[in-house]
Amino acid sequence: MQEMNNEKKPLIVAFCCNWCSYAGADLAGSSRLSYPADVKIIRVPCSCRVNPMFILKAFQRGADGVIICGCHPGDCHYTTGNYYARRRMSLLFSMLDYLGIERERTRVEWVSAAEGAKFSAVMNDFAGKIAELGENKRLEDLRCKD
Amino acid sequence: MQKIGVFVCWCGSNIAATVDVKKVAEVLKAEPGVVISENYQYMCSENGQALIRNAIKEHGLTGIVVCSCSPRMHEATFRKTAESAGLNPYMVEIANIREQCSWIHKDIEEATEKAIILGRSAIAKLKLNAPLTSGESAVVKRALVIGGGIAGIQSALDIAEAGYEVDIVESAPTIGGNMAKLDKTFPTLDCAACILTPKMVDCAQNENIDIMTFSEIESVKGFVGNFKVQIRRKARFVDEKKCTGCGVCMQKCPSKKGKNEFNMGLNNRPAIYIPFAQAIPNVAIIDPEQCLKLKNGKCGLCAMQCQVNAIDYTQKDEIIEREYGAIVVATGYKPISLENFNEYGYDTYKDVVTSLELERLMNAAGPSDGHLVRPSDHKEPKVITFIQCVGSRDTSGCGKPYCSKICCMYTAKHAMLIREKYPNTEVHVFYIDVRTPGKNYDEFFRRAVEQYGVDYIKGMVGKVYEENGKLMVQGSDLINNEQVVIPSDLVVLAAAIEPNPSVRKIATMVTASIDTNNFLTEAHAKLRPVESPTAGIFLSGVCQGPKDIPETVSQASACAAKVVGLLSKDKLKCNACVSHSDEMLCTGCSVCANVCPYGAITYVDKEFRIGGGKTELRRVASVNEAVCQGCGACTVACPSGAMDLKGFSNKQIMAEVDAICKR
Amino acid sequence: MDRKEQAKLIRERSGTDVRKCMKCGKCSGRCPAYAEMDIKPHQFVSYIEKGEVEKLLESKSLYTCLSCFACVERCPRGVAPANVIEAVRQEVIRAQGGNKVQAENIPAIVDEAIPQQLLVSMFRKFNK
Amino acid sequence: MQRLKTAMIEKATALLTSGEVSKVLGWKKGELGFDVEPAVFTSVDSLVDFTYDAFCGANLSKYLVEESKKEGKILVFLKPCDSYSFNQLIKEHRIKKENVYTVGIECQGKVDPYKLKENGIEFVTDASETVDTVTVNGKEFKKEEIILGKCLTCTKKLLSYDDVISFNEKREPSLDRFEMVKKLEAMTADERYAFWKDQLSNCIRCNACRNVCPACTCTKCVFDNDNSGIASKANSDSFEEKMFHIIRAFHVAGRCTDCGECSRVCPQHIPLHLLNRKFISDIDRLYGEYQAGEDTESKGPLTNYTTGDVDPSDVFGGK
């Protein structure tokens, strides 16, 4: 189970806030700093837009890891959004851990618009961890898998 | 039935070298709902855009997906393209297949596969897009300036000059603020009254300016362009319209023991008074704490003397409501209270005064008619010692951690003026650093030392005590490495300044952010220094941070320019991607309003049909689209799912998740 | 132990952050024992900040400081010069045989003019 | 404890007679003795069925969401734990306070009917109660043997009311309420996963937990709303068991007063309160102690923040 089937590549959903992290991802791109194609980015206005429903839904649909990226605390475009996101995600991730779901499958990172290198490094690291963990079994929905 | 067009851009070889764009276009064409799928070298070029426009018209497209560079680059471009072809600009989605695909992946197969997934995800989202229109809100062409000091006066004058109506609300009985109390101003030494009072008169005479003194802000509602403000006009017991400012009442008033606020309490004034000769408005006011008639009903002398029957002992506070498009906060400062600094003996010795008190002692219109005498025995002081940084740069908790910025210069000014007028007076200044950045400032300070022979001592004072009728100022001279004791006749403390205490209340009312020192926070420290993060609220003068008069005036004018820029618009265009509340789901629990950084959410009691011909009154959230910036904090806070964000709805984001995860 | 380490130790022991000092000299301006001190309170802070402990260890001020804490009380930056002096003093006292004054010698040097405060601080200094 | 019931009936009678209230929300006797249920009494005569005894575990506060909308003032008796829910509902504008007359009442822990059954008691003929004991059908039990799980750890106090009826000091809690949370936290992830899989697989999605929860007062739950994107009526996959309970716990996080009703009513005996308590214990640990419902003004921990809050990546740092 721990071994990743060659056919099945890990799937990572990254929620990125429009103002910092999405721009950071763009910068990683224009600096040609690669990270695995397993990472797919969804643009949200702010990290505080990320509803726990989205995260669970992603796991249900077969994601193996979910990462949320936002502006550094104190730099939120909307002043306070990432502070709320920080509390929500701290509690949610702690709950997932409490239910026995691998805590490495979820992550929050603060990436500014200037941190293309950090974005790439974070995604490489996260994708590596997820590949090690293998397929998400504990929050899967068998109906969503072939 | 939706008709979606997909347009895959090559971006020259930027995309096409790593992504098989033809394959992407082909595969996406097979997606349900897609009626046309094209690829082209440069979609953002005029030809590319024409291709999109033609397709929209030809196929009657209901939405388009452009697979190209980052939406941060060309989303706006393609929205305009869509709009010009008659499609709602929000029916456009971008799949970022350059920055997040072709540029970071090398393997063509892998990159192509990812590009297809990103395209599918954009299509999935687009299917749930709804045409959005940005709301518009009208702008009330009137500004409110809170505070009538030099900052407020300058802002008001500039706004009025541009042709807009301005109201100045000032809590004191006259405008003028702290500057009116000053004697001379650095670095030119022109008299404060000579440069300020003409501006005050201009305010009074300007038809666009309405001055409300002795008034306070009661409440602020609304948002940029449409503020509704309640103003409390406190009872002054004198009819402002009738009073001519003749001053007879002041002479006749038998109750003369009130502390003269304008002279920093250094002398007394009657119960009915005009704050100072050039007060604007030049109208008397009665101090109800002191007036015999108001206190115990016996007296009424002033009413008898008044030729124009202006005295009205029955006057009550009045609350008026006005509408404004913009609000300027110019609440200014006050020197800190010195209760934590008894080492300097301010509360113990009459001849230890603050610099602002010294201004009055030196002012020709002051309590001693401009003769510098000490408060205790009205004798001319022969030795004067100044102590700088009293409560400034203090992180021990007794004072303020910041530099008050103006003290170095005004102390040099005081020292210089004293040495000029009374050459036989010895002047010492204890300082930590002398900070004089500013045009002609260091030259000014050096003149005090070199030309006027002021004795600057590097070091701080440890204590002030009395001995043989002298105030002994004991401090260290760090350059000579000795402890010095200077027997002085007058000690002047450069007390730190702090924002006017009323600013916290005002900041709360206008939802402007405020820092730990009670200074208002600017929207951006460098690039938006005169705006508050809250739209429509502007910052003028010391309420934003310590500054001297030239800086205050510059900021006040900058602030006015921003206000005029706002008021010159007839309508404000709002963000289209805003939150909205589904009233059928909303329980009115207030959780959303608690996380809204803009105060965009209010609650209304609305009537709903509940069947059987009955209705029910329910509390539901209502989003002000003009204020909402679309962060989405409320959508997650809302447990019932009533709050959703247009353009980034729950369903849209989950559709993207689904499309990405589909294998 | 080299001087650098010793300076670090003294800094730690003093429990005060000497880098917060803004060199205003208010401590020395208030010090009642200033005249008796060869190295002044503000200099203690400055020397320690620069890591120069040698002069401090030999300073007469260690025994003239009254431990009245006026300097601590007055410092606008929350620095505690008296604590630095006390820390240096500890360093000297803890060094084997470094005591300049023995406890039994104290009664001989006490006279009526000596303030109570000084006596208390003396006992604190020497009764280790 | 009979004294308590008498005083309550007197109070209800007086207020109904004077016309100050037109209804009373309390508990009604059942058929089997322990099957007491919440009820609204509209006349003095109807109070013959009124009861207050060791079986009145149900939290009355949620009923006020609907009852306080109706015409006329209603008298409600609030046990300490009910009061916290009541305050929270006031804070969220779900109860019209001006329509409610509140009376705080003493509670020394309520009997768990399942524990009675385990002791062979199928119906109650007579019961009496002291602070530390309950005697049912002549058999005496110590409180800690027989009361509800939620009562064993209860530290809730009487808050402020229009009136209070209480004669005895409250008994001390028998257990630390976070004990089980700590135990779970100390397990390995695999053990925790097995524990919850075992528990949650029992869920039949009867929605009893949701229906009883005083924090779940949405007009339409996201799980019933076809437009929410996560609607589901039954657990057709193990994922949905988790989804439902995680989201439900998250929606009440920071608002849950730990009244324990969810676990009390669960027909499958799933310890649902352990999910809520996990959030409560994390909130206390990470953001400072917070008791929802202690007041009616404070900002909840999830609608609040400090600039120095812990990062999600450091949440496990302390462990």
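I call a residue buried if 20 or more other C-beta atoms lie within 10 Å of its own, exposed if 12 or fewer, and partly exposed in between, with C-beta atoms placed from the backbone. I am working on a predicted model, where local features need pLDDT of at least 70, side-chain atom pairs count only at pLDDT 80 or more, and totals for chains, interfaces and linings use all residues. Residues are numbered from 1 along each chain as its sequence is written, while chains are lettered from A and ligands numbered from 1 in the order in which they are written.

**Entry 1: positive phi**

I started with B:N309. It is exposed, because 10 other C-beta atoms lie within 10 Å. Its phi is positive, about 50°, although B:N309 is not a glycine. I found B:N309 in the loop between α10 and β17 (318–324) of chain B.

Next I looked up B:C299. Its phi is near 150°, again a positive value in a residue other than glycine. B:C299 sits in the loop between α9 (292–296) and α10 (301–305) of chain B. Why does B:C299 count as partly exposed? It has 18 C-beta neighbours inside 10 Å.

I noted these residues because most residues other than glycine have a negative phi, and most peptide bonds are trans.

**Entry 2: cis peptide bonds**

I then checked omega. B:F186 and B:P187 are joined by a cis peptide bond, with omega about -5°. B:P187 lies in the loop between β8 (184–185) and β9 (190–191) of chain B. Another cis bond links B:I280 and B:P281, where omega is about -5°. B:P281 belongs to the loop between β15 (272–273) and β16 (285–286) of chain B.

**Entry 3: chain B as a whole**

I counted 18 helices and 34 strands in chain B. Of its 663 residues, 52% are buried. Along the principal axes, the C-alpha atoms of chain B fill a box of roughly 100 × 70 × 40 Å. What is the radius of gyration of chain B? It is 33 Å, whereas a compact globule of 663 residues would have one near 26 Å. I take the radius over C-alpha atoms, and the globule rule is 2.2 Å times the number of residues to the power 0.38.

For chain B it gives domain 1 (4–127), domain 2 (144–182 + 206–224 + 319–331 + 505–567), domain 3 (248–305), domain 4 (334–498) and domain 5 (579–646). The C-alpha centres of domain 4 and domain 5 of chain B are 58 Å apart.

I also looked at contacts, which need C-beta atoms, placed from the backbone, within 7 Å. In chain B, among contacts between residues at least 6 apart in sequence, 70% join residues at least 24 apart.

**Entry 4: between chains**

Which chains share the most contacts? Chains A and B do, of the four pairs in contact. Chain A and chain C do not touch, and their nearest C-alpha atoms are 25 Å apart. Chain C and chain D have no contact either, with their closest C-alpha atoms 23 Å apart.

I went back to A and B. Their contact takes 38 residues from chain A and 35 residues from chain B. On the chain A side, α1 (21–30), β2 (39–44), α2 (52–60) and α3 (81–98) give two or more residues. α1(A) gives the most, with seven residues.

Methods. Contact = placed C-beta atoms within 7 Å. Helix = DSSP H or I, 4+ residues; strand = E, 2+ residues; numbered from the N terminus. Domains from an automatic or database assignment.
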